[in-house]
Amino acid sequence: MMESSLPALEAILLVGGQGTRLRPLTLGTPKPLLPTAGVPFLAHQLARARSFGVRRIVFATSYKASMFEPVFGDGEAFGLSLEYMTEETPLGTGGAIRNAAEALTSAPSDPVLILNGDILSGHDIGDQVRTHLSRDAAVTLHLTEVDDPSRFGCVPTDDDGRVTAFLEKTPNPVTNRINAGCYVFTRSVIDRIPRGEVVSVERETFPGLIESGELVLGYADRTYWLDVGTPAAFVRGSRDLVLGRLGSPALPGPPGEFLALDGAAVSPEAKVHGGSAVGSGVVVEAGAVVSGSVLCDGSVVHAGAIVADSVVGVGARVCSGAVVRDAVIGDGAVVGPGNELQAGVRLWPGVELPECAIRYSSDV
């Protein structure tokens with residue numbers, strides 16, 4: 001996309017959530033800062049936004065708010081100008097957008113992009129903005145199609161793309177198109193959200209606009225989309241970025257079977273594949289097998305250990321002969337020899353499992 005085809009855009013990035021579904025990974029680190037394909041998750045969003053002409057982003061922070069600025073600074077490294085607005089008490093999605101809007105410089109008729117800090121998307125942001133402008137909409141919502149829409153906000157549209165209802169999670173969805181979490185607001189519409197109050201755009205703002213007859217558009221497509229809110233989805237997102245299933249200007253190396261950061265020591269006799277991300281200072285010993293996993297900085301996978309579809313936290317160790325599948329190993333934890341962890345098990349930070357403490361099978 002030609003950047004010059006759009007005005008220099010401003011965006012608000014919603015990063016206030018606690019990431020409870022990702023614990024224990026989020027006990028010490030906000031979800032948007034977790035290492036994803038070798039860089040903090042948000043680096044991928046910032047780089048994509050920049051590629052579509054976004055030049056200034058306001059972070060709407062709440063949980064562990066002080067941790068964002070030390071990572072991203074003023075945004076110069078991304079070719080962006082970054083501002084940080086913090087909610088002292090959580091204000092909901094609408095309240096967060098309204099609070100962050102205090103730092104916008106856009107005119108009332110300008111488009112403002114709203115991004116959610118836990119979504120990976122391959123859709124054409126530029127086309128979404130152009131659609132919004134050409135139809136003179138109040139809000140344009142990115143919609144995506146999913147197999148099970150009951151877990152998400154369900155968004156039916158008419159033949160002209162106008163959103164006719166905004167149905168929060170329902171057991172009998174009327175469409176498989178869901179709210180994909182990327183919005184284009186006309187600035188003046190944001191300014192009408194009550195200031196300093198708890199407001200949900202999904203439950204209050206969008207239904208209110210639809211009810212009053214304002215144009216709320218759906219921008220639907222079938223490109224890559226993923227909510228990384230669970231451990232399995234987080235691992236999948238990192239894996240897809242490493243494998244190149246979703247392109248990212250922030251990927252710190254070429255796509256391939258695995259990505260190893262500077263300072264990682266991967267034995268030539270180890271098998272590391274499936275889109276694994278290997279952090280700085282990580283050691284993977286001879287005979288170890290690592291598949292489709294995220295190994296955080298300073299972690300160790302010892303000889304003969306197997307790690308698949310899992311996250312191994314900062315400084316954690318998986319000892320010889322241990323098997324870790326579809327699991328989360330917290331920072332500094334130790335999985336002793338002969339343990340077998342799988343099926344969504346989460347080991348809290350600092351816990352040390354003695355030899356053969358947990359098994360899923362009877363064979364030794």
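## A first look at the cores, the sheet and the cavity

Setting aside neighbours within four places in sequence, F59 makes contact (heavy atoms within 4.5 Å) with L13, V15, L42, L46, F68, F72, L82, E83, Y84 and M85. The model is a predicted one, where local features need pLDDT of at least 70, side-chain atom pairs count only at pLDDT 80 or more, and totals for chains, interfaces and linings use all residues. Residues are numbered from 1 along each chain as its sequence is written, and side-chain values use heavy atoms, with hydrogens and water left out.

F59 and I57 touch the most other members of the largest nonpolar core, which has 36 residues. Such a core is a set of buried Ala, Val, Leu, Ile, Met, Phe, Trp, Tyr and Cys residues joined through side-chain atoms within 4.5 Å; buried means under 20% relative accessible area, with a 1.4 Å probe and protein chains only. Helix α1 (residues 41-51) gives the most to this core, four residues. Helices (H or I, at least four residues) and strands (E, at least two) are DSSP runs numbered from the N terminus. Another core, of 28 residues, lies apart from it and includes A60, V139, F166 and F185.

Next, a look at N116. This residue lies in strand β6 (residues 111-116) and is buried, with a relative accessible area of 17%. Beyond four places in sequence, N116 touches L13, L14, Q45, G181 and Y183.

A cavity is a set of points on a 1 Å grid over the protein atoms alone where a 1.4 Å probe fits but cannot get out, and lining residues have an atom within 4 Å of a point. The largest cavity holds about 170 Å³ of space, a volume being the space filled by probe spheres set on points joined across faces, edges and corners. Helix α1 gives the most to its lining, with four residues.

Two strands pair if DSSP finds at least two bridges between them. Three bridges join β12 to β15, and A260 has V278 in β15 as its bridge partner.

| Strand | Residues |
|---|---|
| β15 | 276-278 |

Terms used. Buried means under 20% relative accessible area, exposed over 50%, partly exposed in between (1.4 Å probe, protein chains only). On a 1 Å grid over the protein atoms alone, a cavity is a set of points where a 1.4 Å probe fits but cannot get out, and a pocket is an open set with protein on both sides within 12 Å along at least five of seven lines; lining residues have an atom within 4 Å of a point.
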